[in-house]
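Welcome! Take a moment to look over the model below, and then we will walk through it together.

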Amino acid sequence: MRDLKILTTKMESEWIALLDRIPEDLRDIHFHPSYMSIYEQVYDIKALLFVFTANNNTIIQPLMIRNIPDHLQFKDATSVYGYGGPILLDSSLPDSYGELISDYSFSLKEWFDQKIFVGSVLNYLFYELSLEPQKFFRY
């Protein structure tokens, strides 16, 4: 079973509860709802945290949703300044991490398609929390 849940910065306690699953020395300000809300206020964008769960694995990714000037029915998505995820909250990558990442990407694309997104710039660099900070996995 897979599930994609979307949190807004107004859902701060639920958002922070997910961030608390990241070891303290690996937490990044770019993931925090307070940091994201600055962009909402200054740049008139919508900051969201995408929370994907499948087979007891959870992936989170904060994204800024922007209107396309002169075409307000269209939107795009991008990471906030700096590294924006996605990040796997579990202690290690599952054996089927390729399938997990594929399912996550598909769910995100479905959501984008429903909301009439014309583009997104996403960093698909997954980080395994049990490893040293410099060790990453690319999909």
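Let us begin with helix 3 (residues 97-114), whose 18 residues reach 26 Å from the first C-alpha to the last, close to the 26 Å expected at 1.5 Å a residue. That expected span is 1.5 Å times one less than the number of residues. Helices here are DSSP runs of H or I with at least four residues, and strands are E runs of at least two, numbered from the N terminus.

This is a predicted model, where local features need pLDDT of at least 70, side-chain atom pairs count only at pLDDT 80 or more, and totals for chains, interfaces and linings use all residues. Residues are numbered from 1 along each chain as its sequence is written, and side-chain values use heavy atoms, leaving out hydrogens and water.

In helix 3, the buried residues are L100, I101, Y104, S107, L108, W111 and F112. They lie on the same side of helix 3 because they cover an arc of only 140° around the axis, taken from the directions from the helix axis to the C-beta atoms. Buried means under 20% relative accessible area and exposed over 50%, with partly exposed in between (1.4 Å probe, protein chains only). Just after helix 3, I116 takes a positive phi of about 60°.

Elsewhere, Y43 is found in helix 2 (residues 33-43), and Y43 is exposed, with a relative accessible area of 56%.

Here is the protein as a whole:

| Feature | Value |
|---|---|
| Helices and strands | 3 helices and 8 strands |
| Buried share | 44% of the 139 residues |

Along the sequence, the pattern reads β-α-α-β-β-β-β-α-β-β-β.
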